[in-house]
Amino acid sequence: MSVLQTLQERSNNACELCTSTQDLNQYTIPPSLNENVANDVLACKTCLDQINGDTEMNPNHWRCLNDSMWSEHVAVQIMAWRMLQRLRNEGWPKDLLDMMYLDDDAMALARATGEDKDESEKIIHRDINGVILENGDNVVLVKDLKVKGSSMVAKQGTAVRNIRLDRDNEKYIEGKVGPTLTVIITEFVKKL
């Protein structure tokens with residue numbers, strides 16, 4: 001059974017955040033690199049558009065988190081925590097956050113994208129042209145780079161897909177160059 005089919009079964013074909021049954025898609029929570037049931041949620045287009053920043057946040061839509069934050073699935077709990085953090089200035093999300101409990105591993109993953117930090121505290125990753133990079137972006141190398149620990153040289157123009165940002169250093173990103181997961185310095189990439 002595929003990850004998507006497992007998610008559909010576990011959620012009864014409903015968004016795991018708001019329970020909508022329309023336009024459902026699989027979403028891998030950043031900074032996870034691989035799709036699997038532990039790192040993915042089934043979410044509707046309305047939720048995904050707001051999660052990805054494609055549409056403006058609608059605080060009333062997210063009142064559904066009052067129920068989904070109690071999900072037995074850690075990935076759903078993490079997404080509920082992240083969305084409540086984004087909305088914490090609304091007032092009511094603060095009360096829900098005070099009630100939530102995540103174990104240490106889940107909390108580390110939840111904080112990986114910096115949702116709980118103010119804008120001034122967030123680390124911003126930029127490519128060679130100053131364009132802001134996000135988890136999941138695709139970039140291209142702007143010069144030949146030797147891959148440490150191997151004899152491989154990643155050639156200029158090589159695409160690196162589905163990057164992950166280093167949460168401690170704005171100069172580092174991770175991505176697969178060929179079969180090898182490697183750390184790349186942001187000044188050597190350009191966003192596609």
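**Strands, cores and cysteines in the predicted model**

Strands β1 (residues 24-28) and β2 pair in the antiparallel sense, with five bridges between them. Here strands (E, at least two residues) and helices (H or I, at least four) are DSSP runs, numbered from the N terminus, and two strands pair if DSSP finds at least two bridges between them. Everything comes from a predicted model, in which local features need pLDDT of at least 70 and side-chain atom pairs count only at pLDDT 80 or more, while totals for chains, interfaces and linings use all residues. Residues are numbered from 1 along each chain as its sequence is written, and side-chain values use heavy atoms, with hydrogens and water left out.

Strand β2 (residues 40-44) is mostly covered, with five of its five residues buried; buried means under 20% relative accessible area, exposed over 50%, and partly exposed in between (1.4 Å probe, protein chains only). In a regular strand the side chains alternate between the two faces of the sheet. For β2, both faces are covered: Asp40, Leu42 and Cys44 are buried on one side, and Val41 and Ala43 on the other.

What about the cysteines? The structure holds zero disulfides, a disulfide being a pair of cysteine sulfur atoms within 2.5 Å. Cysteine 47 has its closest cysteine sulfur in cysteine 44, but at 3.6 Å that is too far for a bond. With 0% relative accessibility, cysteine 47 counts as buried. Cysteine 64 is in no disulfide either, as the nearest cysteine sulfur, that of cysteine 18, is 5.2 Å away. Cysteine 64 also counts as buried, because its relative accessibility is 16%.

Cysteine 47 turns up again in the largest nonpolar core, which has 32 residues; those with the most contacts inside this core are Leu17, Cys47, Ile51, Trp62, Met79 and Leu84. (A nonpolar core is a set of buried Ala, Val, Leu, Ile, Met, Phe, Trp, Tyr and Cys residues joined through side-chain atoms within 4.5 Å.) Two or more residues each come from β2, α2 (45-51), α4, α5 (92-99) and α6 (104-110), and α4 gives the largest share, eight residues. Setting aside residues up to four places away in sequence, methionine 79 touches Leu17, Tyr27, Ile29, Val41 and Ile51, where contact means heavy atoms within 4.5 Å. A second, separate core has 13 residues, among them Val147, Val160, Ile163 and Ile173.

Two bridges join β7 to β8 (residues 172-177). Another open sheet, again three antiparallel strands, runs in the order β6-β3-β10, with β6 (159-160) and β10 (189-191) at the edges. Three bridges link β3 (residues 139-141) to β10, and valine 139 has lysine 191 as its bridge partner there.

Back at α4, serine 71 lies in the loop between α3 (65-68) and α4 (74-86). Is serine 71 buried or exposed? Serine 71 counts as buried, because its relative accessibility is 17%. Its side chain reaches the backbone nitrogen of histidine 73 at 3.0 Å. Beyond its neighbours within four places in sequence, serine 71 is in contact with Val76 and Gln77.

How values were computed
A polar contact is a pair of N or O atoms within 3.5 Å; within protein, one must be able to donate a hydrogen and the other to accept it, and residues adjacent in sequence count only if both atoms are side-chain atoms.
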